[in-house]
Amino acid sequence: MKRTIRYTWVAFLCSFSLYAQNTIEFKEVTLDNGLHVIMHQDNSTPIVAVSVLYHVGSKNEKPDRTGFAHFFEHLLFEGTENIGRGEYMNKIQAIGGTLNAFTSNDITYYYEIVPSNYLETALYMESERMLHPKIDQVGVDTQREVIKEEKRQSYDNRPYGTILPETMKRAFVEHPYRWPVIGSMEDLDAARLEEFIAFHKAYYVPNNATLTIAGDIDYVQAEEWVRAYFGEIPSGPSDFYRPNVKEPRKKEEVRDVVYDNIQIPAIIQAYNLPPKNHPDSYAMEMLSTYLTGGNSSLMTKELVDNQQKALAVQAIPLDLEDGGVFIMYALTNMGIEPDALETEIDRLLVDVQQNGVSENDFQKLQNIIENDLVSKNSSMDGIAQNLAQAHVFFGSTDYINRELDQFRKVKREDLQRVANEYINLDGRVVLYYLPKSAQAE
């Protein structure tokens, strides 16, 4: 088979407002087995970040077998046929490196940050994880218990820990986003070893992965090692299950109360959003910054400082590949009833819908957004992750250099428009988190 190689060099120069976004130059190549490789050279510091993004998350699971993607985030640290059980982390840490991973609704992401003279070691380790993972009953049983403990610590026994899963299962009634990334412990207990092996073969393969190398590298040497360690890994399936489900637009409010081991009541509002790559996503991110992004934001000034009805307020646009959720979260101040705070939150939202954002505030937002974009590309691990996600979610690695252009396209009137389009007070989820002591009243 003839080897097909595609290289892309990117140069992009932009100047805007008070800040300037640096060009992220990169080189990319797709191996014959489908593995997409992105390399970014920065020789200013002798470190390198190596990451592998697998395009599989909780949305790829079956309704009665949830939690598999998160399970593999853990299981693939168990070791391989050539790396002993429990040695994976030790080997990276022994060379002065750090490593971690995360799973979302859409992806599973592994990364190492190591001294650049150990790049070959990091590539070997990730290739071993892809080619020779140790998936056996001992590892499965071990990680089941690890995940159960994680669930207890991060969700069950943590104040407000269940807000996201409780919100998502009401915000989505048809799409797989409705179940939590950590999944159901009952599903994991019921799953057989063969099911875990089948899930791995279906997704953790070169043609469903993006390998990114960012830092103090030589392009020629890095590519040579990539080909040596990843080139012979067999491709996986020619197609991957992606849920083709469009969450229906809510026409009625979903309202509920959750009693938790807390002292201070909280209010959560959730509004469904369009897909991650939708043009309105940029206006919604700017709107969230305007509402709660910092001490000078609208709701922080009005609800926390002026009225003192809230201890804290936060707007979070959870952008997901198939359509996310805009979450409003507020903690009530001492002696303030949740409905009184909710009334003021709604009043401010309606004010934005009716009157929009001032030109002065919009200019401030533009500066804040650009500063945030510069900051998220200020480290090698940040660049590695953003390069990979640009390729996977936006179909072009160069999106990392064009993201600012997308925000530039947002006009002041767009913030008012998206507030009316997506902040639908009659078609939302509203949760009150109340202390368990209130349940007995």
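Biologist: In what order do the six strands of the open sheet lie?

Modeller: The order is 1-2-6-3-5-4, with mixed pairing. A strand here is a DSSP run of E with at least two residues, numbered from the N terminus. Keep in mind that this is a predicted model, where local features need pLDDT of at least 70, side-chain atom pairs count only at pLDDT 80 or more, and totals for chains, interfaces and linings use all residues. Residues are numbered from 1 along each chain as its sequence is written, and side-chain values use heavy atoms, leaving out hydrogens and water.

Biologist: Why do strand 1 and strand 4 count as edges?

Modeller: Strand 1 (27-30) and strand 4 (98-103) each have a single partner strand, so one side of each has no neighbour in the sheet.

Biologist: What makes strand 2 and strand 6 a pair?

Modeller: Pairing takes at least two bridges found by DSSP. Strand 2 (residues 36-41) and strand 6 (residues 209-215) are joined by six bridges and run parallel, so they pair. One of the bridges links H36 with T210 in strand 6.

Biologist: Switching to E321, where is that residue found?

Modeller: E321 sits in the loop between strand 9 (310-318) and strand 10 (325-332).

Terms used. Helices (H or I, at least four residues) and strands (E, at least two) are DSSP runs, numbered from the N terminus.
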